[in-house]
Amino acid sequence: MIRIVRFLIYSFFILPFSILFSQVDTDTKRKSAFENLHAPNIFSEDYLNRQPGVLSLEVLLKSVEKSYPLVLAAEKLLTEAEYNYLAAEGAFDLQFKSLGTTKPMGFYQNNASDSIIEKPTPLGGTSFFAGYRIGRGNFPAYDGRRETNDYGEIRAGALVPLIRNREIDKNRADLRKADLDRKLAELSIQKLKLEIVKEATKRYWKWVGAGQEYLVYKDLLAIAKVRQTQINERIKLGDLPKVESTDNDRAILQRESQLVLAERELQRSAIDLSLFLRSPDGGMILPKNDQLPQGFPNPLKAGSLVLEDSIRIAWKFRPELMDFEFKRDKVSIDRSLGYNAAKPQVDLLVATSQDFGPGSPTRAKPELEASLILNLPLQTRRPRGLIGAAEAKLAQLDQEMQFSKDKISTEVQDAVSEVNASSRRVDVTKAEVELARKLEELERERFFLGDSTLLVVNIREQTSSEAAIREIKALLDHHSAIANYKAAIAAVLQTSD
(Lines give C-alpha, C1' and ligand atoms only; values in the text may rest on other atoms or scores of the structure.)
Protein backbone atom coordinates (compact mmCIF):
# COMPACT_ATOMS: atom_id res chain seq x y z
CA MET A 1 0.00 0.00 0.00
CA ILE A 2 2.83 2.38 0.92
CA ARG A 3 4.56 1.69 -2.41
CA ILE A 4 1.33 2.46 -4.27
CA VAL A 5 0.96 5.77 -2.44
CA ARG A 6 4.57 6.68 -3.18
CA PHE A 7 4.08 5.77 -6.84
CA LEU A 8 1.03 8.01 -7.04
CA ILE A 9 2.92 10.83 -5.32
CA TYR A 10 5.79 10.44 -7.73
CA SER A 11 3.50 10.34 -10.75
CA PHE A 12 1.45 13.39 -9.80
CA PHE A 13 4.04 15.54 -8.04
CA ILE A 14 7.65 14.55 -8.57
CA LEU A 15 7.39 13.88 -12.28
CA PRO A 16 5.71 17.23 -13.12
CA PHE A 17 8.20 18.98 -10.85
CA SER A 18 11.14 17.30 -12.60
CA ILE A 19 9.71 18.09 -16.02
CA LEU A 20 9.31 21.73 -15.01
CA PHE A 21 12.93 22.14 -14.00
CA SER A 22 14.26 20.13 -16.91
CA GLN A 23 12.31 22.53 -19.16
CA VAL A 24 13.93 25.47 -17.38
CA ASP A 25 17.31 23.91 -18.08
CA THR A 26 16.70 23.21 -21.77
CA ASP A 27 15.18 26.64 -22.44
CA THR A 28 17.98 28.52 -20.73
CA LYS A 29 19.99 29.36 -23.81
CA ARG A 30 16.90 30.60 -25.63
CA LYS A 31 16.18 33.19 -22.96
CA SER A 32 17.76 36.57 -22.61
CA ALA A 33 20.93 36.76 -20.60
CA PHE A 34 19.29 38.12 -17.49
CA GLU A 35 16.33 35.73 -17.55
CA ASN A 36 18.67 32.76 -17.19
CA LEU A 37 17.82 31.00 -13.95
CA HIS A 38 21.00 28.93 -13.87
CA ALA A 39 24.21 30.56 -12.71
CA PRO A 40 27.04 30.73 -13.20
CA ASN A 41 27.34 29.83 -16.85
CA ILE A 42 30.83 29.89 -18.31
CA PHE A 43 31.21 30.62 -22.01
CA SER A 44 34.09 31.61 -24.22
CA GLU A 45 34.83 35.29 -24.75
CA ASP A 46 33.84 35.00 -28.42
CA TYR A 47 30.40 33.75 -27.44
CA LEU A 48 29.96 36.57 -24.95
CA ASN A 49 30.84 39.18 -27.55
CA ARG A 50 28.39 37.70 -30.07
CA GLN A 51 25.42 37.96 -27.76
CA PRO A 52 23.05 40.64 -29.12
CA GLY A 53 22.69 43.68 -26.92
CA VAL A 54 25.29 42.54 -24.40
CA LEU A 55 27.80 45.03 -23.01
CA SER A 56 31.16 43.43 -23.69
CA LEU A 57 34.42 44.33 -22.02
CA GLU A 58 35.81 45.46 -25.36
CA VAL A 59 33.02 48.02 -25.79
CA LEU A 60 33.58 49.30 -22.27
CA LEU A 61 37.32 49.77 -22.77
CA LYS A 62 36.76 51.58 -26.06
CA SER A 63 34.41 53.92 -24.22
CA VAL A 64 37.09 54.53 -21.59
CA GLU A 65 39.74 55.32 -24.19
CA LYS A 66 37.59 57.73 -26.18
CA SER A 67 35.43 59.47 -23.56
CA TYR A 68 36.76 58.94 -20.03
CA PRO A 69 37.46 62.43 -18.57
CA LEU A 70 40.75 61.57 -16.85
CA VAL A 71 42.13 60.11 -20.07
CA LEU A 72 41.07 63.21 -21.99
CA ALA A 73 42.61 65.42 -19.30
CA ALA A 74 45.88 63.48 -19.44
CA GLU A 75 46.02 63.96 -23.19
CA LYS A 76 46.25 67.70 -22.55
CA LEU A 77 49.68 67.03 -21.05
CA LEU A 78 50.81 65.94 -24.48
CA THR A 79 49.29 69.04 -26.04
CA GLU A 80 51.19 71.18 -23.54
CA ALA A 81 54.42 69.34 -24.32
CA GLU A 82 53.86 69.85 -28.04
CA TYR A 83 53.57 73.61 -27.54
CA ASN A 84 56.69 73.62 -25.37
CA TYR A 85 58.52 71.85 -28.18
CA LEU A 86 57.26 74.51 -30.60
CA ALA A 87 58.61 77.17 -28.23
CA ALA A 88 62.00 75.44 -28.16
CA GLU A 89 62.06 75.41 -31.95
CA GLY A 90 61.65 79.19 -31.76
CA ALA A 91 65.33 79.50 -30.82
CA PHE A 92 66.09 78.83 -34.50
CA ASP A 93 63.60 81.33 -35.86
CA LEU A 94 64.64 83.82 -38.50
CA GLN A 95 65.34 87.24 -36.96
CA PHE A 96 65.41 90.72 -38.48
CA LYS A 97 67.39 93.60 -36.94
CA SER A 98 67.68 97.17 -38.12
CA LEU A 99 69.51 100.29 -36.95
CA GLY A 100 69.16 103.80 -38.42
CA THR A 101 71.12 106.88 -37.33
CA THR A 102 71.22 110.49 -38.46
CA LYS A 103 73.49 113.43 -37.64
CA PRO A 104 71.83 116.59 -39.02
CA MET A 105 74.13 119.00 -37.11
CA GLY A 106 77.87 119.19 -36.53
CA PHE A 107 80.95 119.09 -38.68
CA TYR A 108 80.19 115.57 -39.90
CA GLN A 109 76.59 115.43 -41.09
CA ASN A 110 75.45 112.02 -42.31
CA ASN A 111 72.70 109.43 -42.39
CA ALA A 112 73.17 105.69 -42.06
CA SER A 113 70.94 102.61 -42.01
CA ASP A 114 71.92 99.00 -41.30
CA SER A 115 69.55 96.02 -41.54
CA ILE A 116 70.40 92.36 -41.06
CA ILE A 117 68.62 88.98 -41.14
CA GLU A 118 70.01 86.22 -38.91
CA LYS A 119 69.20 82.53 -38.99
CA PRO A 120 70.53 80.25 -36.22
CA THR A 121 70.53 76.58 -37.18
CA PRO A 122 71.03 73.26 -35.37
CA LEU A 123 73.64 72.30 -37.99
CA GLY A 124 76.72 72.24 -35.81
CA GLY A 125 75.62 75.46 -34.16
CA THR A 126 76.24 77.43 -37.36
CA SER A 127 74.47 80.77 -37.79
CA PHE A 128 73.93 82.49 -41.12
CA PHE A 129 73.31 86.16 -41.74
CA ALA A 130 72.63 88.52 -44.62
CA GLY A 131 72.26 92.30 -44.55
CA TYR A 132 72.06 95.61 -46.31
CA ARG A 133 73.47 98.96 -45.21
CA ILE A 134 73.78 102.42 -46.67
CA GLY A 135 75.61 105.46 -45.42
CA ARG A 136 75.55 108.93 -46.96
CA GLY A 137 77.13 112.19 -45.94
CA ASN A 138 80.42 113.11 -44.34
CA PHE A 139 82.02 110.51 -42.06
CA PRO A 140 85.19 110.88 -39.99
CA ALA A 141 88.12 108.66 -40.91
CA TYR A 142 87.74 106.53 -37.80
CA ASP A 143 84.09 105.87 -38.72
CA GLY A 144 84.64 105.23 -42.40
CA ARG A 145 83.24 101.69 -42.30
CA ARG A 146 79.77 103.19 -42.05
CA GLU A 147 80.16 104.92 -45.42
CA THR A 148 78.98 103.09 -48.56
CA ASN A 149 78.58 103.82 -52.21
CA ASP A 150 75.38 105.49 -53.30
CA TYR A 151 73.30 102.30 -53.71
CA GLY A 152 74.50 100.77 -50.47
CA GLU A 153 76.19 97.50 -49.57
CA ILE A 154 74.89 93.95 -49.30
CA ARG A 155 76.69 91.34 -47.25
CA ALA A 156 76.28 87.72 -46.15
CA GLY A 157 78.21 85.31 -44.00
CA ALA A 158 78.25 82.58 -41.40
CA LEU A 159 79.49 82.01 -37.86
CA VAL A 160 80.79 78.47 -37.43
CA PRO A 161 81.71 77.08 -33.98
CA LEU A 162 84.80 74.88 -34.23
CA ILE A 163 85.06 73.48 -30.69
CA ARG A 164 82.61 74.81 -28.10
CA ASN A 165 78.96 74.74 -29.20
CA ARG A 166 79.76 72.52 -32.16
CA GLU A 167 78.25 69.30 -30.78
CA ILE A 168 75.68 70.92 -28.52
CA ASP A 169 74.57 74.32 -27.29
CA LYS A 170 71.76 75.65 -25.12
CA ASN A 171 69.28 75.98 -27.98
CA ARG A 172 69.80 72.43 -29.22
CA ALA A 173 69.77 71.14 -25.64
CA ASP A 174 66.44 72.83 -24.97
CA LEU A 175 65.03 71.36 -28.19
CA ARG A 176 66.14 67.83 -27.26
CA LYS A 177 64.70 68.19 -23.77
CA ALA A 178 61.41 69.43 -25.18
CA ASP A 179 61.28 66.36 -27.43
CA LEU A 180 61.94 64.12 -24.42
CA ASP A 181 59.21 65.94 -22.51
CA ARG A 182 56.79 64.99 -25.27
CA LYS A 183 57.75 61.36 -24.84
CA LEU A 184 57.46 61.64 -21.06
CA ALA A 185 53.98 63.11 -21.47
CA GLU A 186 53.01 60.12 -23.63
CA LEU A 187 54.31 57.79 -20.91
CA SER A 188 52.26 59.62 -18.29
CA ILE A 189 49.16 59.01 -20.40
CA GLN A 190 50.11 55.35 -20.76
CA LYS A 191 50.62 54.91 -17.01
CA LEU A 192 47.24 56.47 -16.30
CA LYS A 193 45.65 54.36 -19.02
CA LEU A 194 46.99 51.16 -17.47
CA GLU A 195 45.45 51.99 -14.09
CA ILE A 196 42.12 53.09 -15.54
CA VAL A 197 41.79 50.03 -17.79
CA LYS A 198 42.59 47.76 -14.86
CA GLU A 199 40.03 49.43 -12.64
CA ALA A 200 37.38 49.49 -15.37
CA THR A 201 37.96 45.80 -16.08
CA LYS A 202 37.60 44.89 -12.41
CA ARG A 203 34.38 46.86 -12.09
CA TYR A 204 33.05 45.20 -15.22
CA TRP A 205 33.60 41.70 -13.82
CA LYS A 206 32.20 42.80 -10.48
CA TRP A 207 29.02 43.85 -12.33
CA VAL A 208 28.92 40.51 -14.15
CA GLY A 209 29.47 38.68 -10.86
CA ALA A 210 26.71 40.65 -9.16
CA GLY A 211 24.37 39.69 -11.98
CA GLN A 212 25.30 36.04 -11.59
CA GLU A 213 24.71 36.17 -7.83
CA TYR A 214 21.33 37.74 -8.47
CA LEU A 215 20.45 34.83 -10.74
CA VAL A 216 21.45 32.34 -8.06
CA TYR A 217 19.08 33.90 -5.53
CA LYS A 218 16.39 34.32 -8.19
CA ASP A 219 16.71 30.63 -9.04
CA LEU A 220 16.60 29.70 -5.37
CA LEU A 221 13.41 31.72 -4.84
CA ALA A 222 11.79 30.28 -7.97
CA ILE A 223 12.40 26.75 -6.70
CA ALA A 224 10.72 27.53 -3.38
CA LYS A 225 7.71 29.13 -5.06
CA VAL A 226 7.20 26.23 -7.46
CA ARG A 227 7.52 23.78 -4.59
CA GLN A 228 4.92 25.65 -2.53
CA THR A 229 2.13 24.53 -4.89
CA GLN A 230 3.32 20.94 -4.71
CA ILE A 231 3.47 21.06 -0.90
CA ASN A 232 -0.06 22.47 -0.63
CA GLU A 233 -1.36 19.65 -2.81
CA ARG A 234 0.32 17.04 -0.63
CA ILE A 235 -1.04 18.67 2.54
CA LYS A 236 -4.55 18.40 1.11
CA LEU A 237 -3.93 14.69 0.52
CA GLY A 238 -2.70 14.34 4.10
CA ASP A 239 0.76 13.30 2.99
CA LEU A 240 2.51 16.27 4.69
CA PRO A 241 1.83 18.22 7.88
CA LYS A 242 0.86 21.91 7.63
CA VAL A 243 4.10 22.93 9.28
CA GLU A 244 5.92 22.09 6.02
CA SER A 245 3.93 24.77 4.20
CA THR A 246 4.76 27.29 6.91
CA ASP A 247 8.41 26.33 6.76
CA ASN A 248 8.42 26.77 3.00
CA ASP A 249 6.75 30.19 3.42
CA ARG A 250 9.57 31.10 5.75
CA ALA A 251 12.11 29.91 3.18
CA ILE A 252 10.41 32.04 0.51
CA LEU A 253 10.61 35.15 2.69
CA GLN A 254 14.25 34.44 3.51
CA ARG A 255 15.11 34.01 -0.15
CA GLU A 256 13.19 37.13 -1.12
CA SER A 257 15.30 39.04 1.39
CA GLN A 258 18.47 37.58 -0.12
CA LEU A 259 17.23 38.50 -3.59
CA VAL A 260 16.61 42.11 -2.51
CA LEU A 261 20.17 42.36 -1.19
CA ALA A 262 21.52 40.81 -4.38
CA GLU A 263 19.49 43.25 -6.47
CA ARG A 264 20.88 46.16 -4.49
CA GLU A 265 24.43 44.86 -5.00
CA LEU A 266 23.74 44.57 -8.73
CA GLN A 267 22.46 48.14 -8.85
CA ARG A 268 25.50 49.41 -6.95
CA SER A 269 27.93 47.59 -9.25
CA ALA A 270 26.09 49.03 -12.27
CA ILE A 271 26.37 52.53 -10.81
CA ASP A 272 30.08 52.01 -10.19
CA LEU A 273 30.52 50.80 -13.76
CA SER A 274 28.72 53.85 -15.15
CA LEU A 275 31.71 55.93 -14.05
CA PHE A 276 33.67 54.28 -16.87
CA LEU A 277 30.93 53.59 -19.41
CA ARG A 278 30.57 56.84 -21.35
CA SER A 279 28.70 58.18 -24.32
CA PRO A 280 30.69 59.87 -27.12
CA ASP A 281 30.03 63.27 -25.50
CA GLY A 282 31.39 62.03 -22.16
CA GLY A 283 28.09 61.48 -20.34
CA MET A 284 27.80 58.53 -17.98
CA ILE A 285 25.74 55.53 -19.10
CA LEU A 286 24.08 53.27 -16.54
CA PRO A 287 24.27 49.69 -17.86
CA LYS A 288 20.98 47.82 -17.89
CA ASN A 289 20.30 44.35 -16.60
CA ASP A 290 19.51 43.03 -20.07
CA GLN A 291 23.04 44.03 -21.12
CA LEU A 292 24.58 41.50 -18.75
CA PRO A 293 26.45 38.63 -20.40
CA GLN A 294 25.35 35.11 -19.56
CA GLY A 295 28.49 34.40 -17.60
CA PHE A 296 32.23 34.62 -17.31
CA PRO A 297 34.70 33.62 -20.02
CA ASN A 298 36.51 30.33 -19.60
CA PRO A 299 39.22 30.67 -16.94
CA LEU A 300 42.89 30.31 -17.75
CA LYS A 301 44.43 27.02 -16.81
CA ALA A 302 46.84 27.06 -13.90
CA GLY A 303 50.42 27.13 -15.13
CA SER A 304 49.54 28.50 -18.57
CA LEU A 305 51.47 31.73 -17.92
CA VAL A 306 55.27 31.60 -18.21
CA LEU A 307 56.83 33.79 -15.53
CA GLU A 308 60.14 34.51 -17.27
CA ASP A 309 58.45 35.51 -20.52
CA SER A 310 55.96 37.67 -18.64
CA ILE A 311 58.72 39.54 -16.81
CA ARG A 312 60.60 40.09 -20.06
CA ILE A 313 57.47 41.48 -21.72
CA ALA A 314 56.77 43.74 -18.73
CA TRP A 315 60.29 45.17 -18.85
CA LYS A 316 59.79 45.92 -22.52
CA PHE A 317 56.39 47.60 -22.38
CA ARG A 318 55.94 49.03 -18.88
CA PRO A 319 56.09 52.84 -19.17
CA GLU A 320 57.92 53.23 -15.84
CA LEU A 321 61.17 51.85 -17.25
CA MET A 322 60.94 53.92 -20.42
CA ASP A 323 60.24 56.90 -18.18
CA PHE A 324 63.59 56.38 -16.46
CA GLU A 325 65.33 56.05 -19.83
CA PHE A 326 64.01 59.39 -21.01
CA LYS A 327 64.88 61.07 -17.70
CA ARG A 328 68.41 59.72 -18.03
CA ASP A 329 68.58 61.17 -21.53
CA LYS A 330 67.58 64.59 -20.18
CA VAL A 331 70.26 64.47 -17.49
CA SER A 332 72.81 63.30 -20.07
CA ILE A 333 72.04 66.44 -22.04
CA ASP A 334 72.88 68.54 -18.96
CA ARG A 335 76.14 66.63 -18.58
CA SER A 336 76.96 67.27 -22.25
CA LEU A 337 76.32 70.97 -21.70
CA GLY A 338 78.80 70.88 -18.81
CA TYR A 339 81.48 69.27 -20.96
CA ASN A 340 80.70 71.77 -23.70
CA ALA A 341 81.13 74.72 -21.35
CA ALA A 342 84.57 73.45 -20.32
CA LYS A 343 85.85 73.58 -23.91
CA PRO A 344 87.55 76.64 -25.41
CA GLN A 345 85.44 78.76 -27.70
CA VAL A 346 86.91 78.90 -31.20
CA ASP A 347 84.52 80.35 -33.79
CA LEU A 348 85.14 81.04 -37.45
CA LEU A 349 83.41 84.08 -38.89
CA VAL A 350 83.26 84.26 -42.68
CA ALA A 351 81.63 87.20 -44.48
CA THR A 352 81.49 88.66 -47.99
CA SER A 353 80.22 92.10 -49.06
CA GLN A 354 79.70 94.19 -52.19
CA ASP A 355 78.96 97.91 -52.63
CA PHE A 356 76.87 99.20 -55.53
CA GLY A 357 76.46 102.51 -57.33
CA PRO A 358 78.65 105.58 -57.72
CA GLY A 359 81.19 106.24 -55.03
CA SER A 360 84.68 105.29 -54.00
CA PRO A 361 86.35 102.83 -56.39
CA THR A 362 87.99 101.18 -53.36
CA ARG A 363 84.58 99.90 -52.35
CA ALA A 364 83.47 98.82 -55.80
CA LYS A 365 85.07 95.36 -55.69
CA PRO A 366 83.63 92.45 -53.65
CA GLU A 367 85.29 91.70 -50.35
CA LEU A 368 85.81 88.43 -48.45
CA GLU A 369 86.70 88.47 -44.76
CA ALA A 370 87.46 85.68 -42.31
CA SER A 371 87.90 86.09 -38.55
CA LEU A 372 88.78 83.69 -35.77
CA ILE A 373 87.17 84.29 -32.38
CA LEU A 374 88.91 82.79 -29.36
CA ASN A 375 87.59 82.58 -25.79
CA LEU A 376 89.47 80.46 -23.24
CA PRO A 377 87.96 79.72 -19.79
CA LEU A 378 90.64 80.15 -17.16
CA GLN A 379 88.52 78.58 -14.43
CA THR A 380 86.04 75.76 -14.94
CA ARG A 381 84.10 75.58 -11.69
CA ARG A 382 80.73 76.02 -13.35
CA PRO A 383 81.27 73.29 -15.98
CA ARG A 384 82.69 70.92 -13.35
CA GLY A 385 79.68 71.60 -11.13
CA LEU A 386 77.26 70.86 -13.96
CA ILE A 387 79.07 67.64 -14.84
CA GLY A 388 79.26 66.43 -11.24
CA ALA A 389 75.59 67.16 -10.55
CA ALA A 390 74.54 65.39 -13.74
CA GLU A 391 76.61 62.29 -12.99
CA ALA A 392 75.19 62.12 -9.46
CA LYS A 393 71.68 62.39 -10.86
CA LEU A 394 72.43 59.63 -13.38
CA ALA A 395 73.67 57.35 -10.61
CA GLN A 396 70.48 58.06 -8.66
CA LEU A 397 68.29 57.28 -11.68
CA ASP A 398 70.20 54.05 -12.31
CA GLN A 399 69.44 52.87 -8.77
CA GLU A 400 65.80 53.89 -9.01
CA MET A 401 65.50 52.18 -12.39
CA GLN A 402 66.92 48.94 -11.01
CA PHE A 403 64.50 49.09 -8.09
CA SER A 404 61.65 49.72 -10.53
CA LYS A 405 62.67 46.64 -12.54
CA ASP A 406 62.72 44.60 -9.35
CA LYS A 407 59.33 45.96 -8.36
CA ILE A 408 57.85 45.15 -11.76
CA SER A 409 59.27 41.63 -11.50
CA THR A 410 57.58 41.11 -8.14
CA GLU A 411 54.31 42.53 -9.46
CA VAL A 412 54.36 40.15 -12.42
CA GLN A 413 55.33 37.23 -10.19
CA ASP A 414 52.51 38.04 -7.78
CA ALA A 415 50.04 38.45 -10.65
CA VAL A 416 51.00 35.09 -12.16
CA SER A 417 50.71 33.45 -8.75
CA GLU A 418 47.30 35.07 -8.25
CA VAL A 419 46.06 33.85 -11.63
CA ASN A 420 47.26 30.30 -10.98
CA ALA A 421 45.79 30.16 -7.47
CA SER A 422 42.46 31.63 -8.55
CA SER A 423 42.30 29.18 -11.47
CA ARG A 424 42.73 26.24 -9.11
CA ARG A 425 40.12 27.76 -6.83
CA VAL A 426 37.67 27.98 -9.75
CA ASP A 427 38.20 24.28 -10.47
CA VAL A 428 37.58 23.38 -6.83
CA THR A 429 34.45 25.49 -6.48
CA LYS A 430 33.10 24.19 -9.79
CA ALA A 431 33.45 20.61 -8.54
CA GLU A 432 31.84 21.64 -5.24
CA VAL A 433 28.85 23.13 -7.09
CA GLU A 434 28.36 19.98 -9.12
CA LEU A 435 28.34 17.81 -6.00
CA ALA A 436 26.11 20.24 -4.10
CA ARG A 437 23.57 20.25 -6.94
CA LYS A 438 23.56 16.46 -7.12
CA LEU A 439 22.91 16.27 -3.38
CA GLU A 440 20.20 18.91 -3.73
CA GLU A 441 18.41 16.95 -6.44
CA LEU A 442 18.73 13.67 -4.54
CA GLU A 443 17.43 15.27 -1.35
CA ARG A 444 14.51 16.76 -3.24
CA GLU A 445 13.63 13.34 -4.63
CA ARG A 446 13.85 11.81 -1.16
CA PHE A 447 11.55 14.52 0.15
CA PHE A 448 8.86 13.79 -2.41
CA LEU A 449 9.23 10.09 -1.69
CA GLY A 450 8.66 10.84 1.98
CA ASP A 451 12.18 9.90 3.10
CA SER A 452 13.28 13.46 4.00
CA THR A 453 11.99 16.72 5.42
CA LEU A 454 11.63 20.17 3.97
CA LEU A 455 14.17 21.46 6.48
CA VAL A 456 16.84 19.18 5.06
CA VAL A 457 15.85 20.10 1.50
CA ASN A 458 16.15 23.81 2.34
CA ILE A 459 19.57 23.19 3.85
CA ARG A 460 20.68 21.34 0.71
CA GLU A 461 19.38 24.11 -1.54
CA GLN A 462 20.98 26.79 0.60
CA THR A 463 24.25 24.88 0.59
CA SER A 464 24.05 24.55 -3.19
CA SER A 465 23.42 28.27 -3.61
CA GLU A 466 26.31 29.12 -1.27
CA ALA A 467 28.57 26.87 -3.34
CA ALA A 468 27.37 28.65 -6.51
CA ILE A 469 28.13 32.02 -4.89
CA ARG A 470 31.62 30.80 -3.99
CA GLU A 471 32.13 29.71 -7.59
CA ILE A 472 31.02 33.14 -8.81
CA LYS A 473 33.36 34.89 -6.39
CA ALA A 474 36.16 32.57 -7.46
CA LEU A 475 35.50 33.46 -11.11
CA LEU A 476 35.35 37.15 -10.21
CA ASP A 477 38.66 36.93 -8.35
CA HIS A 478 40.18 34.98 -11.24
CA HIS A 479 39.25 37.56 -13.86
CA SER A 480 40.30 40.36 -11.54
CA ALA A 481 43.64 38.55 -11.23
CA ILE A 482 43.87 38.42 -15.02
CA ALA A 483 43.23 42.18 -15.08
CA ASN A 484 46.09 42.64 -12.61
CA TYR A 485 48.32 40.45 -14.75
CA LYS A 486 47.50 42.35 -17.94
CA ALA A 487 48.25 45.63 -16.17
CA ALA A 488 51.53 44.20 -14.87
CA ILE A 489 52.71 43.34 -18.39
CA ALA A 490 51.09 46.45 -19.95
CA ALA A 491 48.96 44.33 -22.28
CA VAL A 492 46.79 47.24 -23.39
CA LEU A 493 49.88 49.10 -24.63
CA GLN A 494 50.98 46.07 -26.63
CA THR A 495 47.68 45.81 -28.46
CA SER A 496 47.68 49.55 -29.17
CA ASP A 497 51.08 49.19 -30.80
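Residues are numbered from 1 along each chain as its sequence is written, and side-chain values use heavy atoms, with hydrogens and water left out. Because the model is predicted, local features need pLDDT of at least 70 and side-chain atom pairs count only at pLDDT 80 or more, whereas totals for chains, interfaces and linings use all residues.

Q: What makes R444 buried or exposed?
A: A residue is buried under 20% relative accessible area, exposed over 50%, and partly exposed in between, with a 1.4 Å probe and protein chains only. R444 has 4% relative accessibility, so R444 counts as buried. Of the 497 residues of the chain, 42% count as buried.

Q: Why are R444 and E441 called a salt bridge?
A: The term requires a side-chain nitrogen of Lys or Arg within 4 Å of a carboxyl oxygen of Asp or Glu. The closest N and O atoms of R444 and E441 are 2.8 Å apart, so the pair meets the definition. Both residues lie in helix α9 (residues 381–448), three residues apart, about one turn of the helix, and E441, at 40% relative accessibility, counts as partly exposed. R444 and E441 also belong to a network of salt bridges that links them with R227, R255, E440 and E461.

Q: How do you know that K473 and E213 form a salt bridge, and where do they lie?
A: Their closest N and O atoms are 3.2 Å apart, which is within the 4 Å limit, so the pair qualifies. The bridge links distant parts of the chain, since K473 is in helix α10 (residues 454–488) and E213 is in helix α5 (residues 170–236), 260 residues apart. K473 is partly exposed at 39% relative accessibility, whereas E213 is buried, with a relative accessible area of 15%. A search of the whole structure finds 35 salt bridges.

Q: How do you know that the buried residues of α7 line one face of the helix?
A: The buried residues of helix α7 (residues 307–317) are S310, I311, A314 and F317. Seen down the axis of α7, they fall within an arc of 145 degrees, so they line one face of the helix; the arc is that of the directions from the helix axis to the C-beta atoms. On the other side of α7, E308, R312 and K316 are exposed.

Q: What makes a set of residues a nonpolar core, and which residues of the largest one touch the most other members?
A: A nonpolar core is a set of buried Ala, Val, Leu, Ile, Met, Phe, Trp, Tyr and Cys residues joined through side-chain atoms within 4.5 Å. The largest has 36 residues, of which L60, Y204, W205, W207, F276 and F296 touch the most other members. Helices α3 (57–67), α5, α6 and α10 each supply at least two residues of this core, and α5 gives the most, with 13 residues. Apart from it lies another core, of 21 residues, among them F324, L397, M401 and I408.

Q: Which residues are in contact with N375, and what makes them contacts?
A: Contact means heavy atoms within 4.5 Å. Leaving aside its neighbours within four places in sequence, N375 is in contact with R164, P344 and Q345. N375 lies in strand β8 and, at 36% relative accessibility, counts as partly exposed. Among contacts in the chain between residues at least 6 apart in sequence, 78% join residues at least 24 apart.

Notes:
Helix = DSSP H or I, 4+ residues; strand = E, 2+ residues; numbered from the N terminus.
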